[in-house]
Amino acid sequence: MNTQDTICAIATAPGGAIGIIRISGKHAISVADSIFIPAGKHSPSLAEREAYTLTFGQIRDDNGNIIDEVLISLFKAPHSYTGEDSVEISCHGSRFILQETMQLLIRKGCRAAGPGEFTQRAFLNGKMDLSQAEAVADLISSSSAATHRMAINQMRGGFSRELTQLRNKLLHLTSLIELELDFSDHEELEFANRDELKNLTMQIERVISNLIRSFSVGNALKNGVPVAIVGQTNAGKSTLLNTLLNDEKAIVSDIHGTTRDIIEDTVNIEGITFRFIDTAGIRNTQDTIESIGIARSFHKMEQASIILWVVDATEAEIQIRQLSDRILPLCHDKQLIILLNKSDKKTAMPENLPHLSKQKILPISAQKHIGIDRLRSLLVEAASLPDINSSDHIVTNVRHYEALSHANEALHRVQDGLTINLPSDLISQDLRECLFHLAEIVGGEVTTDEVLGNIFKHFCIGK
């Protein structure tokens, strides 16, 4: 993307009463002036007006025909979202009006903005660091109070500010160590206190380790707690999914093996997003396609945090005995809830359930919605997610998680090197690697178009 271009984009979803077109760049104000006629005689042009003002008037095409009556918001560099001169045109939400105005702007010299290009310019112009820019996308896509709080906190810079402070301290000591290398012929000189460096690396490691551990919580809050629904064919897994989603998402049939692939959808329960995964029924089969689906079922079980094992209550002891050896070994680090479905047809609890004394066992009827409210409560309890405060730093981004993990590995090598008195040049190399990975998060050393393009391509147009 050419950052010297003046860009424009529709910034609102189609179908609304109001539509907004954003313009940003060196010629944003002059381009807007060329298509805009302010109301009132002798009204000053946009270029002559003060920043942060609203101006009422008309957008007119090349022939002087009125396209719409609009309000224009004016922002002047560097005090705008992008750090550039910017204009926002608020017009009626008609698709025709929006497209006509966009085509007019492009004829006047604008270029249609790419995904996330406004936020990318804000980053490049120093209005926010990279983690804050990524938080904008998280804020737009937030679907619960928790994800909203995490995105707001990151966008305000709390997460990156803490990392930057630690990185600056580490950078200072790294500079002192590298200064020693300039005086390598004076072995008695030591500018960087090794005990101070060791204490600092331990302090940074504690912070980074806490952030790395928070990723499992952040990922669950952002993408949904993964819940695998497993069991034999015709146990009622698809019916349960439809009941939880309150939607006919999965095909329900008395025919065995109807579900042959993975079906996923999310639902919010008490402010927590759960990602339910309906899997193929587990049984011995010669059908190649069904066998692939069953293999995927076990793969999804490995990825899930919670497993709902749906058992037909009318033959519970048989089904549990048949599948215990295949399901229970995958549940040692997961929350397992056994659902005795179709309990309206058999009210007595089965006896002699093998190896299940510590597991949660709940009678339900997915078809008649019996026990579903209790199941929702058990799911919230099993998720065991902490309350997120505005001051909590939670990692939700895979890129951040990987950078922190690499930084932590480099820190461990620094600590080992200090313990065995490695030469300064080797310690310096690991320190620089740690600094590089910390800078990856806030953008200090991320300069390639490929990396930035990969980050911003997932944004919506107009942001």
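This is a predicted model: local features need pLDDT of at least 70, side-chain atom pairs count only at pLDDT 80 or more; totals for chains, interfaces and linings use all residues.

**Surface and overall make-up**

Before writing down a surface figure, I noted that accessible areas here come from the Shrake-Rupley method with a 1.4 Å probe. On that basis I looked up the accessible surface of the protein and got about 22900 Å², with 49% of it belonging to carbon and sulfur atoms.

Next I wanted the secondary structure, and the protein has 14 helices and 13 strands. I also checked burial: 48% of the 463 residues count as buried. Then I turned to contacts between residues at least 6 apart in sequence, and 65% of these join residues at least 24 apart.

**A helix pair**

At what angle do α8 and α11 pack? I found about 80 degrees between helix α8, residues 237–245, and helix α11, residues 372–383, and their axes are 11 Å apart. Angles of 65 to 115 degrees count as roughly perpendicular, so α8 is roughly perpendicular to α11. I listed the residues that make the contact: α8 brings L240, T243 and L244, while α11 brings I372, L375 and R376. Sorted by type, the residues of this contact come out as 4 nonpolar, 1 polar and 1 charged.

I moved on to S343, which I found in the loop between β12 (335–341) and β13 (360–363). Is S343 buried or exposed? Buried means under 20% relative accessible area, and S343 has 11%, so it counts as buried. Leaving out neighbours within four places in sequence, I noted A313, P363, I364 and S365 in contact with S343.

T314 was my next stop, in the loop between β11 (306–312) and α10 (316–327). T314 and S343 are 29 residues apart in sequence, and I read a C-alpha to C-alpha separation of 7.5 Å. T314 has a relative accessible area of 39%, so I put it down as partly exposed. For the T314 side chain I also recorded a polar contact of 2.6 Å with the side chain of D312.

**Q415 in α12**

Q415 sits in helix α12, which covers residues 398–419. Its relative accessibility is 12%, so Q415 counts as buried. Which residues does Q415 touch, not counting those up to four places away in sequence? I found T201, M202 and E205. With E205 there is a polar contact between the two side chains, at 3.2 Å. I also looked along the chain to L431, 16 residues from Q415, and the C-alpha atoms of the two are separated by 10.0 Å.

**L438 in α13**

I followed the chain on to helix α13, where L438 has its place. Its relative accessibility is 2%, so L438 counts as buried. How far apart are L438 and L163 in space, C-alpha to C-alpha? I got 7.1 Å, for two residues that are 275 apart in sequence. Besides L163, I listed R167, I208, L404 and A407 as residues that L438 touches, again not counting those up to four places away in sequence.

I kept the backbone for the end. As a reminder to myself, most residues other than glycine have a negative phi, and most peptide bonds are trans.

- The peptide bond from A77 to P78 is cis, and I read its omega as near 0 degrees. P78 lies in the loop between β5 (66–75) and β6 (86–92).
- H369 is not a glycine, yet I found a positive phi of about 60 degrees. Its loop runs between β13 and α11.
- N421 is another residue other than glycine with a positive phi, this one near 55 degrees. I placed N421 in the loop between α12 and α13 (424–442). Exposed means over 50% relative accessible area, and N421 has 66%, so it is exposed.

Notes. Residues are numbered from 1 along each chain as its sequence is written. Side-chain values use heavy atoms; hydrogens and water are left out. Helices (H or I, at least four residues) and strands (E, at least two) are DSSP runs, numbered from the N terminus. Buried means under 20% relative accessible area, exposed over 50%, partly exposed in between (1.4 Å probe, protein chains only). Contact means heavy atoms within 4.5 Å. Axes are lines fitted to C-alpha atoms, for helices over the stretch in contact, and angles run from 0 to 180 degrees between N-to-C directions. Angles under 35 degrees count as roughly parallel, over 145 as roughly antiparallel, 65 to 115 as roughly perpendicular and the rest as oblique. Ala, Val, Leu, Ile, Met, Phe, Trp, Tyr, Cys and Pro count as nonpolar, Asp, Glu, Lys and Arg as charged, and the others, Gly among them, as polar. A polar contact is a pair of N or O atoms within 3.5 Å; within protein, one must be able to donate a hydrogen and the other to accept it, and residues adjacent in sequence count only if both atoms are side-chain atoms.
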